[in-house]
Amino acid sequence: MKYVFQFGVVADHFDDLLLGAAATLRLSVTAMVAGLAIAVACAYIRTSGPKPARFVVMGYVELIRNTPFLVQLFIIYFSLPAIGVRFEAEQAAVIGMAINFGGYATEIIRAGVESIHPGQIDAGRALGLKKLQIFRFVILFPAVKTVYPALASQFVILLLGSSIVSAISATELTAITNSLQSQTFRSFEFYFVAAGLYFALAMIVKATLSAIYWAVFVRRSGRR
């Protein structure tokens with residue numbers, strides 16, 4: 001059977017797809033910021049915290065890295081209401097994405113922390129700095145610089161993986177695409193364009209993160 005492509009239908013709803021792309025970007029950036037905060041805190045505990053807290057962080061990281069993101073999302077959105085904790089779909093999406101990103105980013109940042117030369121830490125101690133001060137003023141910046149490419153790649157994975165939150169009806173690009181194709185029955189056209197929008201978002205994010213790396217790390221180092 002000969003298939004007749006009708007991308008004009010997509011053009012009629014392209015504004016809706018752009019709104020979905022913007023929602024995807026908003027959810028991803030919010031989750032990345034929250035997840036990065038989780039990761040930094042967990043990396044500090046993992047490397048400098050008391051032993052019981054280290055085991056808790058290790059358990060969190062292993063749990064996140066060895067269970068499907070979709071299941072984690074369902075627990076937040078469908079299971080927690082059973083014990084009286086309820087979130088809207090978008091809230092559950094951000095929380096789930098942040099927790100998931102935090103689990104992976106914790107190990108990335110921990111690797112950066114452990115790459116710091118012990119001499120720098122000893123110098124901080126010699127200046128009378130406490131553990132948290134050493135982590136904040138001596139370790140964190142060069143550690144993040146070392147692992148920045150890995151963190152950037154993880155963020156792109158988070159962005160592309162955000163399509164999973166359509167399973168709980170969170171409004172983003174895949175959810176809007178699903179709705180439009182079910183109304184128009186033009187699955188090929190809508191999913192093809194949606195794939196192109198995801199690709200464009202990924203390229204924009206990569207370029208932005210590269211610019212941030214240059215401004216924060218390369219340019220700053222050049223001024224010293």
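Helix 9 is the biggest contributor to the lining of the largest pocket, giving 7 residues. The model is a predicted one, and in it this pocket has a volume of about 340 Å³. Its lining takes in 18 residues, and Met32, Leu36, Tyr148, Leu209 and Ile212 are the ones that lie nearest the centre. Besides helix 9, the elements that give two or more residues to this lining are helix 2 (14–48) and helix 7.

At least two lining residues come from each of helix 2, helix 5 (89–114), helix 6 (118–126) and helix 7, and helix 7 has the largest share, with 4 residues.

From Glu114 to Glu88 is 26 residues in sequence, and the C-alpha atoms of the two are 39 Å apart in space.

Turning to the aromatic side chains, the structure holds 11 aromatic pairs. In one of them, Phe74 and Phe78 have ring centres 5.3 Å apart and planes at 65°, so this pair is edge-to-face, a label that calls for planes over 60 degrees apart. Both residues sit in helix 4 (residues 69–79), with a spacing of 4 residues, or about one turn of the helix. Phe74 comes out as partly exposed, its relative accessible area being 30%.

What about the pair formed by Phe141 and Phe217: how far apart are the ring centres, and at what angle do the planes lie? The centres are 5.0 Å apart and the planes are at 45°, so the pair is tilted. Phe141 belongs to helix 7 (residues 131–161) and Phe217 to helix 9 (residues 187–223), so the pair ties together parts that are 76 residues apart in sequence. As for accessibility, Phe141 is partly exposed at 25%, whereas Phe217 is buried at 4%. Ring pairs also link Phe5, Phe7, Phe188 and Phe192 into a cluster.

Helix 3 (residues 51–65) gives a simple check on geometry. At 1.5 Å a residue, its 15 residues should span 21 Å, and the end C-alpha atoms are 21 Å apart, which agrees. Within helix 3, the buried residues are Val57, Tyr60, Val61 and Ile64. Looking down the axis of helix 3, these buried residues fall within an arc of 95°, so they line one face of the helix. The face of helix 3 turned away from that buried side carries Lys51, Pro52, Phe55 and Leu63, which are exposed.

Notes: Residues are numbered from 1 along each chain as its sequence is written. This is a predicted model: local features need pLDDT of at least 70, side-chain atom pairs count only at pLDDT 80 or more; totals for chains, interfaces and linings use all residues. Side-chain values use heavy atoms; hydrogens and water are left out. Rings of Phe, Tyr and Trp (its six-membered ring) pair if their centres lie within 6.5 Å; planes under 30 degrees apart count as stacked, over 60 as edge-to-face and the rest as tilted. Buried means under 20% relative accessible area, exposed over 50%, partly exposed in between (1.4 Å probe, protein chains only). On a 1 Å grid over the protein atoms alone, a cavity is a set of points where a 1.4 Å probe fits but cannot get out, and a pocket is an open set with protein on both sides within 12 Å along at least five of seven lines; lining residues have an atom within 4 Å of a point. Grid points are joined across faces, edges and corners, and a volume is the space filled by probe spheres set on the points. The expected span of a helix is 1.5 Å times one less than its number of residues. The arc is that of the directions from the helix axis to the C-beta atoms.
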